[in-house]
Amino acid sequence: MHEYTSTARVWGLSCPGFPEEVSRARRWTRDILRDSPLADDAELIVSELSANAILHTASGREHGSFHLAVAVSAQVVAVSVTDDGGTTTAPKVEHQDQDAEHGRGLGMVSAIAHRVVVHDSDQGHTVTAELFADTRLGGHPC
């Protein structure tokens with residue numbers, strides 16, 4: 001294979017930080033992955049990460065937005081959501097008691113995905129969840 005050739009395909013979408021955009025993000029993800037057995041999991045992950053961006057960061061404020069990327073190869077589907085920042089802490093998995101109404105989303109994403117990576121920058125946070133087409137590549141979901 002030529003060093004500049006890739007079999008991975010990447011799509012991107014920017015959405016205004018309105019709650020109704022979460023459903024748009026889900027539909028967009030489902031359209032891209034319509035023939036993939038990982039579509040349901042990816043759609044759920046995008047929904048949760050998009051909602052978190054709107055609820056917990058500047059993405060949900062006036063003129064806020066969030067950005068999605070879906071990368072697909074034969075081995076991996078990676079979904080990323082980047083928020084507009086505005087918080088002093090990065091997204092993290094929290095262990096809530098069973099009566100808590102919030103704080104379980106990233107834990108749920110971590111349970112579904114084979115790997116979750118959080119990247120911080122001055123502009124915001126990017127949460128990437130990877131789903132392996134063959135679980136032997138990365139073991140069982142965490």
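Modeller: Start with a pair: L13 stands opposite L68 in β2. This is a predicted model, where local features need pLDDT of at least 70, side-chain atom pairs count only at pLDDT 80 or more, and totals for chains, interfaces and linings use all residues. Residues are numbered from 1 along each chain as its sequence is written, and side-chain values use heavy atoms, leaving out hydrogens and water.

Biologist: How many bridges join β1 to β2, and do they run parallel or antiparallel?

Modeller: 8 bridges, and the two strands run antiparallel. Strands here are DSSP runs of E with at least two residues, helices are runs of H or I with at least four, and both are numbered from the N terminus. Two strands pair if DSSP finds at least two bridges between them.

Biologist: And what joins β2 to β3?

Modeller: A hairpin, through 3 residues. β2 and β3 (residues 76-82) are antiparallel, with 6 bridges. V70 has V79 in β3 as its bridge partner.

Biologist: Switching to α1, which residues are buried there?

Modeller: E21, V22, A25, W28, T29 and I32; buried means under 20% relative accessible area, exposed over 50%, partly exposed in between (1.4 Å probe, protein chains only). They cover an arc of only 120 degrees around the axis, which puts them on the same side of α1. The arc is taken from the directions from the helix axis to the C-beta atoms.

Biologist: Where is H63?

Modeller: In the loop between α2 and β2. H63 has a positive phi of about 70 degrees, although it is not a glycine.

Biologist: Is H63 buried or exposed?

Modeller: Exposed, because its relative accessibility is 75%.
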